[in-house]
Amino acid sequence: MPSPHSTTMLYGIFGYPIGHSLSPLMHNTAFTYHGMDAVYLPFAVHPTQVEDAVKAIAALHIQGVNVTIPHKQAVMPWLDTLSPEASLIGAVNTIHLQDGRLHGHNTDGIGFLRSLEEAGGEVAGRTVLLVGAGGAARAVAVQLCLSGIHRLYLTNRTPTRAEELATFLKQHLPHTDTSVVAMDVSSLAASLSDTDIIVNATAIGMHPDDPMVLPIAALHSQHLVCDIVYRPLQTVLLRTAQQQGARVVDGLGMLLHQGAKAFEIWTGQSFPMPLIRARLLDALAEQPIAGRPPAQE
Ligand code: NAP
């Protein structure tokens, strides 16, 4: 008896809003490259319909789904399993349907790490200053601790959130050797002198009138400075760091590598990186710079 299913595999992304997401471009390019009969669609899932949408994944035989703002936590109660990273980060950005069960993963942290390594940034044994305490900062912080950094300085506009993240990391990752220190923004300048890698994991910096998240006068040429906003090299922080002679990494690599890891989980195949990077750069060149970055993956 023939299979009742279509031969075309279905994938997608849940978010709200979702119109400007770059994920369909990345994954559809990869499917075409590999000659796969598959399609990836954006789904605008209203916050009141997250449960229905997640349950529809199995009902509609959607093989894989990315999840973006504001649903990364909201999908979790409806999944069958969570990867260790998703569980620690407390958010899911990738769902995989396997044997009728829904498995939740988080590829943001590993995407960040791979992008740093691609840029020549070795993290083991290093001291890292991380600005931000939101969802992306949490993914980056967990991954850095799992990757054996020596010390993690955490700072945030709302200091209590940095303190809460530091407490969480100490409680949940007690077997790493990383010392985690929450700091007030006003006392950052001194710690920058013994910091190797600086990461901005806030959305701040795209606009000339944005507040500075760091005392940028203390940046120097030995720093590796990362800004996870993925518009290439356009934040004030990265421009200033470059002027000081520091090495810089923008968020495009994290966007690419979190997508690549999701694609690996779903298909066992790799992203054609140079091709997808070129397509992303073309798409970003067509998006207006004024206004906040339109899509968060
Ligand atoms: P989020 O959970 O809303 O967290 C926002 C963070 O930014 C918080 O730490 C917040 O501080 C801080 N912040 C907001 N406004 C600020 C201001 N005026 N001054 C100083 N700090 C401010 O957002 P998220 O999901 O973590 O995303 C953060 C950024 O990462 C976004 O730009 C997103 O596009 C980017 N991102 C990139 C990738 C990638 O693949 N490249 C992946 C994920 C996210 P408070 O705690 O004080 O509010």
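What you're looking at is a predicted model, where local features need pLDDT of at least 70 and side-chain atom pairs count only at pLDDT 80 or more, while totals for chains, interfaces and linings use all residues. Residues are numbered from 1 along each chain as its sequence is written, and side-chain values use heavy atoms, leaving out hydrogens and water.

Let's start with two helices. Helices (H or I, at least four residues) and strands (E, at least two) are DSSP runs, numbered from the N terminus. Two packed helices are described by the angle and the distance between their axes. Here, the axes of α5 (residues 135-146) and α6 (residues 159-172) come within 11 Å and cross at roughly 35 degrees. Those axes are lines fitted to C-alpha atoms over the stretch in contact, with angles running from 0 to 180 degrees between N-to-C directions. On the α5 side, R138, A141, V142 and C145 make the contact (heavy atoms within 4.5 Å), and on the α6 side L165, F168 and L169 do.

Next, find helix α4 (residues 108-118). Its buried residues are D108, G109, G111, F112, L113, S115 and L116. Buried means under 20% relative accessible area, exposed means over 50%, and partly exposed is in between, using a 1.4 Å probe and protein chains only. The cover over these α4 residues includes α5, β10, β11, β12 (247-249) and α9 (252-267). Just past α4, G120 has a positive phi of about 85 degrees.

Strand β11 (residues 224-227) holds D227. Beyond its neighbours within four places in sequence, D227 touches several residues, including N200, T202 and L237.

Finally, check out the loops. The peptide bond from Y16 to P17 is cis, with omega near 5 degrees, and P17 sits in the loop between β1 (9-15) and α1 (23-34). Another cis bond joins I69 and P70, with omega about 10 degrees. In the loop between β5 (94-98) and β6 (101-105), D99 has a positive phi of about 50 degrees although it isn't a glycine. D99 counts as exposed because its relative accessibility is 81%.
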